[in-house]
Amino acid sequence: MSRTLTTSSATTSATDGDVSSATARAAEQAASTQEVQSLTLAKALNTAMVDAMSADDTVIVFGEDVGMLGGVFRITDGLMRRFGSTRCFDTPLAESGIIGMAVGMAMNGMRPVVEMQFDAFAYPAFEQIASHVAKMHNRTRGAVTLPMVIRIPYAGGIGGVEHHCDSSEAYYAHTAGLKVYTPATVADGYRMLREAIDSDDPVIFMEPKKLYWSKDAVDLEGLRQEHTERVAAGSSTEGRAGVARSGTDATLIAYGPSVPTALAAAAVAAEEGRSLEVIDVRSIVPFDDETVAASVRRTGRAVVIAEAHGFASVASEIVARIQESCFHQLAAPVRRVTGFDIPYPAPKLEHYYLPGVDRILDAVDDLQWEDQS
Amino acid sequence: MTISATQHIPDATEPPPHHRALTESVRKFGISVEDYMLPARHPIQMVSPEGVLVPADEQGAQPGHEYPIPDEAELLAAYEQLVIGRRVNDQNSALVRQGRIAVYPSSHGQEACQVAAALALADGDWMFPTYRDSVAIMARGVDPMQVMTSFRGTWHSGYDPHEHHVGIQSTPLTTQLLHGVGVAHAAKLRGEDTVVLAMCGDGATSEGDFHEALNFAAVFGLPVIFFVQNNRYAISVPLAQQSAAPSLAHKAVGYGMAGERVDGNDLVALLSVLRRAVTLAREGSGPLLVEAHTYRMQAHTNADDATRYRQDSEVAEWQEKDPLNRMRTYLTGQGVLRDEDADRIDEHAEAVAAVLREGLNTEVDVDPQELFRHVFSSPTPHLDRQSAMLAEEISREAAR
């Protein structure tokens with residue numbers, strides 16, 4: 001997979017790697033020609049599956065309640081009705097069985113897209129994921145590829161009961177052989193899920209469940225066109241972070257559910273006269289060191305934001321990578337704003353846990369501005 | 001590739017189509033579905049430990065559980081694989097003792113199961129083996145040296161699963177059963193008649209994936225034979241501490257599939273029972289569970305000490321039931337195995353052993369850069385940097 005973004009008319013970007021703002025521009029262009037429509041992330045993900053299933057009949061969708069019900073979040077809504085029960089079906093209630101069966105189906109010519117109902121309910125499948133999904137290509141010296149997508153609604157912010165709000169991305173990111181994507185925008189929901197399904201490698205597709213119903217104006221036809229052009233060019237946006245907001249004073253690095261929070265913090269900071277750049281990581285594995293380092297070298301300050309516990313986390317990894325590559329440009333230690341190292345709280349307490357605008361701005365305030373010459 | 005475009009939406013009140021297929025296939029035996037699912041009262045045995053054909057009414061078969069004896073040519077070919085399998089096991093164990101290979105989980109004593117598993121399948125079928133099933137994989141046609149790749153430690157596996165339709169040898173117990181279920185499911189969706197034989201041991205039946213695999217296979221009506229080699233021990237723990245079921249074959253009933261049990265040291269019975277299972281599965285009657293009663297004659301691996309947990313007298317008792325002696329006596333008695341056949345077969349086995357000896361006594365070059373090559377289908381910048389770092393370390397080391 002190429003690391004170079006193709007220059008389609010919809011995504012031509014002056015700033016290298018600036019995927020999100022390219023999309024925003026594309027959306028603006030589209031708006032002027034009345035092609036733009038208001039879409040939820042849920043609908044974008046659903047449309048990505050519809051389009052992928054229409055384009056390739058080896059793409060099959062299965063999991064718990066994904067058939068008649070359309071999934072507990074309705075992300076697979078209508079797929080069984082449209083494609084029949086051989087292409088979209090419910091399985092017995094057993095996550096290891098779902099993933100293990102998907103491994104065999106992927107070995108035998110299919111491209112399974114499976115749903116784990118909630119983050120913490122994917123744990124029974126962890127052995128299949130860590131011991132087989134991640135390793136099969138390597139163990140067989142490349143003879144077997146596993147083109148499969150494991151969709152996991154993750155993270156909190158919806159007042160969910162326990163075991164429904166975990167940020168489990170670190171487990172997968174830590175496991176060599178898995179790709180880990182997490183979209184934060186409606187457009188990326190479509191774009192990245194299409195790319196995950198196209199990928200010959202297994203992709204853990206982490207969906208920020210609190211953003212499922214967030215709406216955005218997107219040009220669906222433009223996104224389809226972009227996808228077609230990228231496939232023709234053999235490229236994708238995998239491994240490319242996006243600059244969600246440009247700024248000059250400090251860099252906020254966030255992914256998935258934390259991107260809107262980081263953007264909100266940047267908006268408040270702007271009112272206070274501080275210009276914060278927001279990087280949307282998009283693909284945790286492979287990780288885009290280039291875009292992150294370029295931003296931090298320019299701003300000299302960085303805060304990494306994630307809902308997951310901070311200890312031994314993706315946020316920790318990002319901080320370590322910044323220290324390794326940007327040490328001499330840093331004006332202050334890189335800060336993390338993450339969830340506390342406690343089990344995810346009950347609904348009435350979760351707002352204490354979640355990284356919010358104030359906590360992010362406190363961390364920004366803490367970046368040794370007094371040293372600024 | 002096309003999947004039959006079933007627009008059928010399941011009706012919760014209707015049984016799925018494969019349940020009807022199961023009922024129809026049972027009907028020809030003239031028994032009830034429950035009788036079909038329940039294992040026969042005793043393990044099927046067709047040739048006694050003394051190498052004598054067991055009278056038909058004493059083979060353990062009951063109505064619906066009757067088995068024809070395979071023809072002579074087939075039995076002779078199976079015997080040849082049995083002799084080779086024993087020779088392979090003993091050669092590899094010797095090479096472990098000589099320090100040529102790191103480890104070899106021997107199936108000595110279980111070779112009849114190994115051979116029957118391979119011979120029961122057609123070329124288009126799939127086998128999903130465990131770490132102890134090397135002989136079965138070789139009998140399926142995979143190059144013996146490729147099979148030994150993992151045990152000599154140069155890579156985790158050495159054969160292309162697609163070439164002979166053999167899954168990678170699995171050490172996480174029963175996880176591979178689900179892969180077999182998936183392969184069968186994909187084939188079924190395309191309307192292919194592929195049968196999958198998925199293997200595990202007695203201890204493995206305690207694992208959660210055993211349950212999930214059997215349940216998925218039964219719910220989706222998939223042509224999977226779950227072949228359990230009950231060799232009485234999971235490393236040191238005896239079967240009684242794994243399961244309180246009347247037999248492992250009885251577990252099948254709870255999933256809605258047929259269970260069979262067979263003397264795992266009787267190659268004639270194994271071939272017959274497994275072939276019938278494969279035929280039934282191919283005809284669409286859904287999955288089956290076959291439990292073979294056998295014995296692990298040697299320790300779990302060279303790192304194990306079997307004298308700590310079992311009596312020599314028990315091992316001696318099973319020595320009397322050896323599958324190889326039994327088959328040789330039987331076929332010689334039947335006039336199927338003549339002296340010249342025996343000589344030819346021994347020579348063949350010796351030649352395979354020589355290939356292993358020579359191959360495993362030869363040092364092979366490993367390529368450190370291959371460590372990074374198969375992590376993903378295409379390289380990532382992150383791994384490219386680590387690969388460059390290792391290359392640099394190696395070149396500095398070489399320059400010293």
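Predicted model: local features only at pLDDT ≥ 70, side-chain atom pairs only at ≥ 80, totals over all residues.
Before I start, residues are numbered from 1 along each chain as its sequence is written, with chains lettered from A and ligands numbered from 1 in the order in which they are written. Local features need pLDDT of at least 70, side-chain atom pairs count only at pLDDT 80 or more, totals for chains, interfaces and linings use all residues, and side-chain values use heavy atoms, with hydrogens and water left out.

In chain A there is an open sheet of five strands, in the order β9-β11-β10-β13-β14 and with mixed pairing, where strands are DSSP runs of E, at least two residues, numbered from the N terminus, and two of them pair if DSSP finds at least two bridges between them. At its edges lie β9 (242–245) and β14 (335–339) of chain A, each of which pairs on one side only. Within the sheet, β10 (residues 250–254) and β13 (residues 302–309) of chain A pair in the parallel sense over four bridges, and T251(A) stands opposite A302(A) in β13(A).

Turning to cysteines, a search of the whole structure finds zero disulfides over all chains, a disulfide being a pair of cysteine sulfur atoms within 2.5 Å. C165(A) is buried, at a relative accessible area of 1%, and C326(A) is also buried, at 1%; buried means under 20% relative accessible area, with a 1.4 Å probe and protein chains only.

Finally, in chain B, buried residues make up 55% of the 400 residues, and the C-alpha atoms fill a box of roughly 80 × 60 × 40 Å, taken along the principal axes.

Technical notes. Buried < 20%, exposed > 50% of the residue type's maximum accessible area, 1.4 Å probe, protein only.
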